[in-house]
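Subject: Structure handover, salt bridges

Hello,

Here is the structure for your files. My notes on its salt bridges follow below.

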Amino acid sequence: MWSEEQSKIIFSNDPIIQVIAGAGSGKTATMVGLLEEREKRKSIPPNRTLVVTFTKKATNEFKERCHKKGLSKDYHISTFHSFCYDSLKRYDSSKNWFRYKLLSEFKKWEITKTILYPYRFEIGGIPFPILTKQNGQLLRSISEAIYSEYFQSFRNWKENHHYFEYDDLVSFFLEFLKSDDSCVAKEKWKSLIIDEFQDTDEVQLKVIKAMDFESITVVGDDWQAIYGFRGATPEPFLNFPKHFPSTISYFLSTNYRSTKILIQKSLLPIKQNKNQISKQTKFYRKNKGSFQVIRIQKNEMELELVWKKIQSLGPELTLLTRSNFRKNEWIQVGVPKWQVMTIHSAKGLEFPTVVVDLCQGWSEDINSIDWEEERRILYVALSRAKDNLIVLINAESKPKSLCDRFSEDFSLWNKIRNRTLRWTRLW
């Protein structure tokens, strides 16, 4: 039932495990198998095991798989933020956490506007989400004094009105773990399994260290670390053995999702990154699959024409874009909403046929861009396809933006693949 790689993980007795799992490698099934084996051995009680996932959807999927396997209902399976919130309500008596509410995006920007209004001329017309992202990096570059005033005023407002943001929960819980009252919370949990660990930030890593688990299993793929805009970084996963010196690393190398040619194409951009864990990717499926590149012009009429042509591939086609703005451009020319989504929304999903739009929506400033993260985002998009993969590139590429640079790369990769092959427009 299990592959050799999966069996090594499932039957391991190592207390600290790092699972480096490639796209489509069956990591969730392996983690459920690990819990099943532990139940048989009665090595770690389910009611003292914490399973952390990245999204609510992943949480529900993990719970469903455990239910189908007939596993214990005593596991605590939740997102990291939900775990912190539940723990604060249960163990932190310094605040009445039941009074606190999640701050909506609309309310956040409304308060931000009020706080920053006196500095509107220094700031200009920069959108608030861009101004305050990555710990206010852009705002701090404008003025450390303004940033300090904003940060403190915003924090005070949330405290006075009993609001919190998701990331506040992790920070508050970390502070709580430094107190004497945290002993009960620490003693409660013996084992941790955390999925998508490549999307963990430094504060979450500190929480994991502070909890002092006896058993830790982290699962992730540094190639799919794409949440830099939220402050996440692949560093905790890349350097996990340094943080936990007794770590034993395992690999899940076999891709059960995609055909050989699609795996080969998805690896082309990511292999250019220097800051990564070296790994092999093996293919399992024998189907041939198909890959093609289509050049399109930069105008709305062209988008409509392209969609009319490619929609004939069937209802299982999914179009992936880099931005919500670009997604809406496709919807306006007739693409059903359920057939187009951003790459970030598609993470963790798979589709029979995937169309990746490289024409618009990517960064225009190639001088300040994090190239490695953008390649990881592209890799996530390409690796969603099971059978067919189509990449849309600009008809005329002048590498002054990221999308054009990637378009140039795809043109080059196809020339290398077959120097006599000449890709033409679809019509």
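Lys158 and Asp168 form a salt bridge, with the closest N and O atoms 2.8 Å apart. (A salt bridge here is a side-chain nitrogen of Lys or Arg within 4 Å of a carboxyl oxygen of Asp or Glu.) The pair links distant parts of the chain: Lys158 sits in helix H8 (residues 144-161), Asp168 in helix H9 (residues 166-177), ten residues apart. Helices (H or I, at least four residues) and strands (E, at least two) are DSSP runs, numbered from the N terminus. Lys158 is buried at 8% relative accessible area. Asp168 is buried too, at 17%. Buried means under 20% relative accessible area, exposed over 50%, partly exposed in between (1.4 Å probe, protein chains only).

This is a predicted model: local features need pLDDT of at least 70, side-chain atom pairs count only at pLDDT 80 or more, and totals for chains, interfaces and linings use all residues. Residues are numbered from 1 along each chain as its sequence is written, and side-chain values use heavy atoms, leaving out hydrogens and water.

Next, Glu214 and Lys190. Their closest N and O atoms are 3.9 Å apart, in a salt bridge. Glu214 lies in the loop between helix H11 (202-211) and strand E7 (215-220). Lys190 lies in the loop between helix H10 (183-188) and strand E6 (191-194), 24 residues apart from Glu214. Glu214 is exposed at 53%; Lys190 is partly exposed at 21%.

Lys308 and Glu304 also pair, at 3.8 Å, N to O. Both are in helix H15 (residues 300-310), four residues apart, about one turn of the helix.

The whole structure holds 27 salt bridges.

Best wishes
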